[in-house]
Number of protein chains: 2
Amino acid sequence: MNAVSLQPEAMVTDIPAYMQGLGRAARAASRFVAEAESGRKNTALLAIADVIIGQRGALIEANRRDIEAGRASGLDDAMLDRLTLNDARIEAMAEGCRQVVGLPDPVGEITGLAYRPSGIQVGRMRVPLGVIGIIYESRPNVTIDAAALCLKSGNATILRGGSEALHSNRALAEIIQAGLVASGLPRTAVQIVATTDRAAVGELLQMPEHVDVIVPRGGKGLIARVSRESRVPVIKHLDGVCHVYIDTHADADKALAVAVNAKTQRYGTCNTMETLLVHADRAAEMLPRLKAAYDRYGVELRGCERTRVVLPDIQAAAESDWSEEYLAPVLAIRIVDSLETAMDHINTYGSQHTDSIITENWSAARRFLRAVDSSSVMVNASTRFADGFEYGLGAEIGISTDKLHARGPVGLEGLTTQKYVVLGDGHVRS
Amino acid sequence: MNAVSLQPEAMVTDIPAYMQGLGRAARAASRFVAEAESGRKNTALLAIADVIIGQRGALIEANRRDIEAGRASGLDDAMLDRLTLNDARIEAMAEGCRQVVGLPDPVGEITGLAYRPSGIQVGRMRVPLGVIGIIYESRPNVTIDAAALCLKSGNATILRGGSEALHSNRALAEIIQAGLVASGLPRTAVQIVATTDRAAVGELLQMPEHVDVIVPRGGKGLIARVSRESRVPVIKHLDGVCHVYIDTHADADKALAVAVNAKTQRYGTCNTMETLLVHADRAAEMLPRLKAAYDRYGVELRGCERTRVVLPDIQAAAESDWSEEYLAPVLAIRIVDSLETAMDHINTYGSQHTDSIITENWSAARRFLRAVDSSSVMVNASTRFADGFEYGLGAEIGISTDKLHARGPVGLEGLTTQKYVVLGDGHVRS
């Protein structure tokens, strides 16, 4: 395999023509990848893992150019950290590819094949979506993660990473393409958009003839823009305003454990609890225990009026707090009088992401599971479990808060669709 | 039950406010319908069937007003026929409701519930989409069919029929609402847009907060407009440019039977064959037999150059013929040299709707099934089988040529989605 070449950025002058070229190449490659056997796709994934390790030095060198440019342009320390590739992160990328090898290949599975009264057999075959466009921000490891999942699910991919990571992403794309070619798959099965011109994103969103679905991964601004402008269907993740509701029949210790874990296990993730609802009957008992625990973590509490009767020292919650995704050690708390009020609150202010009830009552649990309209609905479990790995998908391309197609964590299956297969023996319709 | 009242059209002056009102009422009703037991939904469907029959006279009277207005405004005979309700069609609408009672209720089914290493159980529950907007053209029976399927799948519905059918549709909406109320379901679970102002459609497409999916049913102009303008996800059906490919290993009699049935069983349907591909090895033998059969049906043939060597009397096909959906007794014919060329033709010119290979060769069949990227892929069967009833869905709201969410005939399942359910016992993430 050739060393990764670190050429200067190609001059892309005609963005529409450049993007059309990427799209056409991706569409052509998608037919090969769709028909590729699992063995070949796995060989390619293992080859990519090997090249990642073999080209570690070149990768770190490319990444250093991004870091230097980022530092010069004033990126903050958190952004620079996300951008950085080091030995451990490079090893993790290679290991990610190897793990995708171990996941079952969803492509080609035929389900429900059954004879119909007419004598034909009808079933459904799982097939790739075709061409997937991924638009993401600064973490370069997304380049490998996304490419690996799309490849295993039989799709061609066009990747558009953040401009801060352009050199790293170009080096990663060359590594991926080296692995593809070594395994007899088309180089253009995975392509990156090798320009930082923002017009390229606009073009990508306007090519439904070449691109079947767009997956944006990043901040709300990016996702809002993509949703607004895209003529290609989008699998997206909007807000994560997740709730835990401590029911009147909650076990106190379980409630405490889950409410603390759901808020404090990580603050910046979309499945972190942002609002805690407590049944009025349990407020006097539970709220002081909860406050003591949150105080140990330095979580700022903002309560409704009734909450502040029990906990007079905390801040008052404003109406806007109920729909706020803090992504920070801040928690809104509201006292409710019934299961119905709790569910109304969740369905009104929530983001249909992940919501959990803490209860020992069978009927309350059964009702909550059915009536709460969110991508994950839980009983006596921390919202932090809403995750492709925890759910057994093996990996995830993201968590969808859409209702159509894929809802919740999206793994390999979410990157495929089903077509009908009909088998006959000269059958005609009468 | 009250008689159907035939009030004059309410004056709707503020269209945005009127549509927001419909949307809010639908969203509120959707929560009740989503939780309704199958028994209650079935009771409502049977009540609607009874009211349809009971109010037959009023319905025919309302329909007569539409027919008279249509005749006065110069609708052609075919349009007037589609618009007409008579005893047989009214009986068929009632029977349609009763048949939906017999279909299994998809809502609430939990699949794949399994313990994960962490000790939580994770599965998926099938749930309604929420609020479905149906935009359709002149056939009033769609009002009942669509409302019945949406109700059974636990959704609230906003129906926007053609302006020619407004009186019929208003009468049908009152019938449906009488059945809903008699069964303890909210009247606003099924609403019609009771104005002919086209701005109402524009509003419906801009209310993602109140409407979860739009299903347009009608001509290409309607579907193109809806796809272009909608901010709500759309389940749509575009062209049906369907193919039959007669392989070198085809059985001649089966090929003849399928090719004739696929073209002539009905001309105006989306699953009718529009282009016939014939392997070069079989052209001299098959084409004259096919022509003799098509001549009996008066089907006009348009052939490629090589086809016209065998059938010199037929018209030449232009490049545009390969992507034409005739919906008429016209057929394009092309000779191809291989399975690969046939599949390339289908993937290039087809509309990813329904395509069939005629072959006795195992490997050709297996290859075709995997590689052709259409919503239905068939072996030795007529394309006319692509239909919700033939596939065993019981009924269909339409046939989707989209890839995401629902592909091919869309029945009750296509009107639902899945959410994750997570069951624990105080489990937290470590």
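Guide: Start with one pair of residues: Gly123(B) stands opposite Val421(B) in β16(B). Strands of a sheet pair through backbone hydrogen bonds, either parallel or antiparallel. Here β2(B) and β16(B) pair in the antiparallel sense over 8 bridges. Two strands count as paired if DSSP finds at least two bridges between them. Strands (E, at least two residues) and helices (H or I, at least four) are DSSP runs, numbered from the N terminus.

Visitor: What kind of model is this, and how are residues and chains labelled?

Guide: This is a predicted model, in which local features need pLDDT of at least 70 and side-chain atom pairs count only at pLDDT 80 or more, while totals for chains, interfaces and linings use all residues. Residues are numbered from 1 along each chain as its sequence is written, and chains are lettered from A and ligands numbered from 1 in the order in which they are written.

Visitor: How many helices and strands does chain A have?

Guide: Chain A has 14 helices and 16 strands. Its C-alpha trace spans about 70 × 65 × 35 Å along the principal axes. The radius of gyration, taken over C-alpha atoms, can be set against a globule rule of 2.2 Å times the number of residues to the power 0.38. For 430 residues a compact globule would be near 22 Å, and the 24 Å of chain A agrees with that.

Visitor: Which strands pair with which in chain A?

Guide: β1 (residues 110-115) joins β2 (residues 121-128) through 4 bridges, running antiparallel. Ala114(A) has Val122(A) as its bridge partner. The hairpin of these two strands has 5 residues between them, and Gly119(A) there takes a positive phi near 100 degrees. β2(A) is also antiparallel to β16(A), over 8 bridges, and Val122(A) has Val422(A) as its partner there.

Visitor: Which strands make up the open sheet of 10 strands?

Guide: The order is β10(A)-β9(A)-β11(A)-β8(A)-β7(A)-β12(A)-β13(A)-β16(B)-β2(B)-β1(B), with mixed pairing. β10 (315-316) of chain A and β1 (110-115) of chain B stand at the edges; each has a single partner strand, so one side of each is left without a neighbour in the sheet. The counterpart pairing, β16 of chain A (residues 416-427) with β13(B), is parallel and has 5 bridges. In it Val422(A) stands opposite Met378(B).

Visitor: How many residues are in contact between the chains?

Guide: Contact needs C-beta atoms, placed from the backbone, within 7 Å. By that rule 54 residues of chain B are in contact with 54 residues of chain A. On the chain B side, β16(B) gives the most, with 11 residues. That side has 22 nonpolar, 18 polar and 14 charged residues; Ala, Val, Leu, Ile, Met, Phe, Trp, Tyr, Cys and Pro count as nonpolar, Asp, Glu, Lys and Arg as charged, and the others, Gly among them, as polar.

Visitor: Is Ser376(A) buried or exposed?

Guide: A residue is buried if 20 or more other C-beta atoms lie within 10 Å of its own, exposed if 12 or fewer, and partly exposed in between; the C-beta atoms are placed from the backbone. Ser376(A) has 28 such neighbours and counts as buried. It lies in β13 (residues 376-381) of chain A. Leaving out residues up to four places away in sequence, Ser376(A) touches residues of both chains, including Thr354(A), Gly408(A), Lys419(B) and Tyr420(B).

Visitor: Where is Cys242(B), and how many C-beta neighbours does Cys242(B) have?

Guide: Cys242(B) is in strand β7 (residues 242-246) of chain B. With 29 C-beta neighbours inside 10 Å, Cys242(B) counts as buried. Beyond four places in sequence, its contacts include Asn271(B), His353(B) and Asp355(B). Over chain A as a whole, 53% of the 430 residues count as buried.

Notes:
Two residues are in contact if their C-beta atoms, placed from the backbone, lie within 7 Å.
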